[in-house]
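Student: Please take one part of this structure and look at it closely. I would like a single connected account, with the setting of that part included.

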Amino acid sequence: MHRGYHNLDAFLSSRDKIIISTHESPDGDGLGAEIAFNELLHKLGKDSVILNSDPVPGKYTFMDVDREIRVFDPAHPFPEESGRYALIVLDTNDIPNIGPSFRHLHNVITDMFIIDHHEGGKDKLESNFIKVEASSASEIIYSIFQYYGLVPSFKAAQALYTGILFDTGSFRYPKTSPETFRIISHLTELGAHPYTIYERIYENNELSSFMLRAGILASAEVHYGGKMIIMRLTPEMIRSTGASFPEGELSINLPLTVQGVVASVLVKQDIEGPVKVSMRTKGNLDVAEIALVNGGGGHKNAAGYKSSLSFDETWKKVIQEIGAFFEQDEKNAPGS
Ligand SMILES: [Mn+2]
């Protein structure tokens, strides 16, 4: 059995007040895992609350049936006496990635535990619950229900289904396993409705979001003989369309649908905040290394980091960094 179960059990055994959080710009997996985990903690008799740095994007509000996801507000600390709470972080092990709420909380919380499926947390494996083979944080949360002999309610089943659907790219990405389908089968039996959830997430876009994506796609530049496509998401694009930053971030997946493209890069910046780089690849092109060197994290085929350079400098640098991999690849190719 994965050591994460014992670690979590030991952590929970001496803590009754818990804040649950996830990364900033929360996605279907982070949010789904939070809603289900909050239910699980309540079933275990804990006093738990969900507190995020950013609001729930509109298309995910259907999951938050009881409006239990709170957004951090520096003027109104929540929960009161947050200093008596432990923090459990879901779907990231890159702690600054939790965002503004953490800069407040880390001074007051008693301690912290991580439940995650991303790479890059090697120093945290021993004492947390990090399972990089899992398709999603939601898949891990489902397994924790099983560990405690608990059954998710309809609300939690729908949240976990959404998390797994999102993080597997609708059951297509490499970590989609037979176990993923067993879990999905059970969640469907518990009432999660595949078409309803699909419609909510993928056929529910605002026109502003569509126009933002149109702008991002129009910014595409092709490099290295068609092996890489790089695009931009700028504060100006967000302002002029009225769409939100997370809605633009999803565009990164489109270049990989093109024949021969093995690397997709999105250089992005919200109206406020740092320049960020997201990278998606196919095959052996390991972008987790590039992310780690730059202080970020992620998986071999999906990683990112925050840049300390300007937008244009970051753009040039990441093109070179990806190019270095192609050069290395050619050197290693047989017969050369
Ligand atoms: Mn995830």
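Tutor: Start with the chain as a whole, in what is a predicted model. Among contacts in the protein chain between residues at least 6 apart in sequence, 67% join residues at least 24 apart. The chain holds 12 helices and 12 strands. Its radius of gyration is 20 Å, close to the 20 Å that the globule rule gives for 336 residues, so the chain is as compact as a globular protein of that length. The C-alpha trace spans about 60 × 45 × 40 Å along its principal axes. Buried residues account for 45% of the 336 residues.

Now the close look: the pairing of helix H2 with helix H4. Two packed helices are described by the angle between their axes and the distance between the axes. H2 covers residues 28–43, and H4 covers residues 137–147. They pack at an angle of about 15 degrees, with their axes 8 Å apart. Angles under 35 degrees count as roughly parallel, so H2 is roughly parallel to H4. The crossing of H2 past H4 is left-handed.

Next, the residues that meet. H2 contributes Asp29, Gly30, Gly32, Ala33, Ala36, Phe37 and Leu40. H4 answers with Ala137, Ser138, Ile141, Ile144 and Phe145. By class, this contact has 8 nonpolar, 3 polar and 1 charged residues. Asp29 in H2 is the charged one.

Methods: Residues are numbered from 1 along each chain as its sequence is written. This is a predicted model: local features need pLDDT of at least 70, side-chain atom pairs count only at pLDDT 80 or more; totals for chains, interfaces and linings use all residues. Axes are lines fitted to C-alpha atoms, for helices over the stretch in contact, and angles run from 0 to 180 degrees between N-to-C directions. Helices (H or I, at least four residues) and strands (E, at least two) are DSSP runs, numbered from the N terminus. Angles under 35 degrees count as roughly parallel, over 145 as roughly antiparallel, 65 to 115 as roughly perpendicular and the rest as oblique. A crossing is left-handed if the near helix is turned anticlockwise from the far one by less than a right angle, and right-handed if clockwise. Two residues are in contact if their C-beta atoms, placed from the backbone, lie within 7 Å. The radius of gyration is taken over C-alpha atoms; the globule rule is 2.2 Å times the number of residues to the power 0.38. A residue is buried if 20 or more other C-beta atoms lie within 10 Å of its own, exposed if 12 or fewer, and partly exposed in between; C-beta atoms are placed from the backbone.
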